[in-house]
Amino acid sequence: MPEKFDAIVVGAGPAGIACAYELAKAGVNVLLLERGEYPGSKNVMGGVLYRQMMEEIIPGFHKGAPVERPIVEQRFMMMDKTSAVTFSYKGLEWAEEPYNNFTVLRAKFDQWFAQKAVDQGALLVCETVALECLIEGGKVVGVRTDRPDGDLHADVVVLADGVNSLLAKSLGFHKEFRPDEVALATMEILKLDGKTIEDRFNLEAGQGCTIELFGDATKGILGTGFLYTNKDTLSIGVGTLLSGLIKHKIKPYELLEYVKTHPMIRPYLQGAEPQEYLAHLIPEGGYRSMPKVVGDGVLVVGDAAQLVNAIHREGSNMAMTSGRLAAQTIVAAKARGDYSEASLDSYRQKLMDSFVGQDLKKYKDATHHFDKFPQYFEEYIPMMNRAASTMLTVDGASKREKQKKIWRDIGPAKRKFKIARDLYRAWKVMK
Ligand SMILES: Cc1cc2nc3c(=O)[nH]c(=O)nc-3n(C[C@H](O)[C@H](O)[C@H](O)COP(=O)(O)OP(=O)(O)OC[C@H]3O[C@@H](n4cnc5c(N)ncnc54)[C@H](O)[C@@H]3O)c2cc1C
């Protein structure tokens, strides 16, 4: 292996692969390092891949990529112990070109995507851990790896090493993340034949559906569950802030078992056979937890830069966009022959001007707000379910009597005022 590259990208997830692909396409000599046996072997995702951001890298990608199903319906289930209020949007415009998003299985998708980067000229080396950044005169000049030939040099290093980003931490770009800045998610992939999936989820052949689960799915802890349809498997999972798991003394796999056996979910999973169990952290601190993303000779992208929009479960798209923007910045820096922090800083600016920075800023207080005031998940979702039950049960009571009962159920005036204030606050952090 040559000892000096134009660029080294650490981590072959969506962020790193997107960056390496764009760099190689622009003629930059790039090495993509991955600690796993192959790209995707260590990656965990519920599975919604957003078309637009992938399309900006490889137009028409879905025609050749191992995507599972285009999503035509997104359901949102507000769950109590024995009930659920469900909102949904189904649109047939999502069933055809250009599509909105697809479910994917990362073990397959990342391998395919990484091969595309290799086809452009990137050198992919797997089963190799970048242990630390090499620094000379305050500038990152490469990485030390666990390979016998050890040190590798480059003009610029891109840290795409995922949520913990030990390399960015060792550069002092961020501290150890607090338990209220990361979620722990566990998920299972369950085998079920495609026709049964389509019948059960009310889908035409080949179409897909996602269900996001709120409230009792996480036993009221801040977080969400999910149930996604793949070709002939289902992905089911649940993720909550680490701080919530610690506070409620719940083990993540117990929460997953709870969701799988929940009466609102169990029927979807009947006869499905567990195939794979996965667990991973998700950076959920948002805008306020973003580390420094640019230094002398170094850029940070994807989860390593905390680029996840937890409210809209978007992460892979932000990862790819940040990887693409980092690559564009490096190409311009190469033309100038200047990889200083000042020269690379346009990456940070482009990132913050894009939907990534804009959306993170928009929801900058949301996670902290909902974590601080758990009543939204613990109390208000069950209250909404009780109100729906009261209103929709036909028992001889007049509709006006029912409205009065719902109003009484909310509690005394002081509590009503508190709820109105909470709704206003929620609107403020989400607007
Ligand atoms: C359960 C779950 C469900 C999710 N659902 C969705 C979803 O539906 N849609 C969505 O858009 N996002 C989702 N996300 C978030 C999404 O998975 C991430 O935001 C996305 O994978 C980030 O990509 P990345 O390339 O930055 O990091 P990763 O995908 O984590 O990739 C980092 C890579 O770096 C490698 N690596 C780490 N350290 C080193 C090292 N020192 N040397 C070499 N290699 C290293 C790792 O092996 C890994 O391959 C979900 C996440 C989880 C955990």
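**View 1. Salt bridges across the predicted model.** The structure holds 30 salt bridges, each a side-chain nitrogen of Lys or Arg within 4 Å of a carboxyl oxygen of Asp or Glu. This is a predicted model, where local features need pLDDT of at least 70, side-chain atom pairs count only at pLDDT 80 or more, and totals for chains, interfaces and linings use all residues. Residues are numbered from 1 along each chain as its sequence is written, and side-chain values use heavy atoms, with hydrogens and water left out.

**View 2. Arg69 meets Glu198 in a salt bridge.** Here N and O sit 2.8 Å apart. Arg69 belongs to strand β4 (residues 67-79) and Glu198 to helix α5 (residues 194-200), 129 residues apart; helices (H or I, at least four residues) and strands (E, at least two) are DSSP runs, numbered from the N terminus. Both Arg69 and Glu198 are buried (buried means under 20% relative accessible area, exposed over 50%, partly exposed in between, with a 1.4 Å probe and protein chains only).

**View 3. Glu341 pairs with Lys292.** The closest N and O atoms are 2.8 Å apart. Glu341 lies in helix α10 (residues 341-344) and Lys292 in the loop between β15 (273-283) and β16 (294-295), so this pair ties together parts 49 residues apart in sequence. Glu341 is partly exposed at 31% relative accessible area, and Lys292 is partly exposed at 37%.

**View 4. Lys364 and Asp365 form a salt bridge.** Their N to O distance is 4.0 Å. Lys364 is partly exposed, at 28% relative accessibility, and Asp365 is partly exposed, with a relative accessible area of 28%.
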